[in-house]
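Have the viewer open as you read.

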Amino acid sequence: MTTVRRFLPALLAWAVVAALVLSAWDPRDRTTWFLETVWVLVGLPLIVFTWRRFPLTDLLCCLLAVHALVLIVGGHYTYAQVPLGDWVRDTFGLDRNPYDRFGHLMQGFVPAVLVRELLSRTSPLRGSRWLAPLTVCACLAFSAVFEMLEWAAAVIGGQAADAFLATQGDVWDTQWDMFCALIGATVSVLTLSHLHDRQLDAPRVTSSYSADASTGALRTSTPGTRPRLR
């Protein structure tokens, strides 16, 4: 393992922390910043505290860091006013800032690898034909739950939640958001599964496989010995 790969998770974590701190300085809307970055504020400490027992693959670490940056940028500017999205809108003659659509693509693309990793390491689904469809379904379910959270925020916050919703006048925004998450999850499973499987077999990851003997699960440190559901 190279030095860079050895310290990659820590480097990514510090990069996310730095971006989070910078984004908290004079955001466009403080409430929106908190609602968009709360996933980072909760998720990053959770990963750090569970790392020794459940280290993640390098692929998942990189994707989570990128997703965190997408959320942080959206939180700082609000999704409807991200400058890069404005440039894309003006350059290609779009009728709205597309950064929100990109954010929801990422909402499917990155969680797909997270779900796939959790299922592969904690269930008999590793190598099963059910792993891919269940991963996509889990991501679509999460997207639907997120849309309900947005709805709750709109009901509670009223106009104050408009920047968080980022509908930009589109009555079908909720459906588009879930569709984008579905596309992102599907593309992720189709393009990253082989690379992900190789990293799941890395010694750092396989050495963390463990289970309580009372549940009848296996304890193993070598790839290919977990029970599989076909």
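## Ground rules

Helices (H or I, at least four residues) and strands (E, at least two) are DSSP runs, numbered from the N terminus. This is a predicted model, so to speak of local features takes pLDDT of at least 70, side-chain atom pairs count only at pLDDT 80 or more, and totals for chains, interfaces and linings use all residues. Residues are numbered from 1 along each chain as its sequence is written, and side-chain values use heavy atoms, with hydrogens and water left out.

## Rings that pair up

Rings of Phe, Tyr and Trp (its six-membered ring) pair if their centres lie within 6.5 Å; planes under 30 degrees apart are stacked, over 60 edge-to-face, and the rest tilted. That rule gives 5 aromatic pairs. One of them is Trp39 with Phe142, an edge-to-face pair at 5.7 Å centre to centre with 75° between the planes. Trp39 sits in helix α2 (residues 30-50) and Phe142 in helix α6 (residues 131-157), so this pair ties together parts that are 103 residues apart in sequence.

How accessible are these two? Trp39 comes out partly exposed at 35% relative accessibility, and Phe142 is partly exposed too, at 32%. (Buried means under 20% relative accessible area, exposed over 50%, partly exposed in between, with a 1.4 Å probe and protein chains only.) Ring pairs also link Trp39, Phe142 and Phe146 into a cluster.

Tyr79 and Tyr99 have ring centres 5.4 Å apart and planes at 45°, so they make a tilted pair. Tyr79 is in the loop between α3 (58-77) and α4 (83-92), while Tyr99 is in helix α5 (residues 99-122), so the pair ties together parts that are 20 residues apart in sequence. Both Tyr79 and Tyr99 are buried.

A charge sits over a ring if NZ of Lys or CZ of Arg is within 6 Å of the ring centre and within 35 degrees of the ring normal. Arg121 does this over Phe54, at 3.8 Å from the ring centre. Arg30 has its charged end over the ring of Trp33, 5.9 Å from the centre.

## The largest pocket

A pocket here is an open set of points on a 1 Å grid over the protein atoms alone, where a 1.4 Å probe fits, with protein on both sides within 12 Å along at least five of seven lines; lining residues have an atom within 4 Å of a point. Of the 45 residues lining the largest pocket, Gly43, Leu44, Ile47, Leu64 and Leu114 are the closest to its centre. Helices α1 (3-23), α2, α3, α5 and α6 each supply at least two lining residues, and α2 gives the most, with 10.
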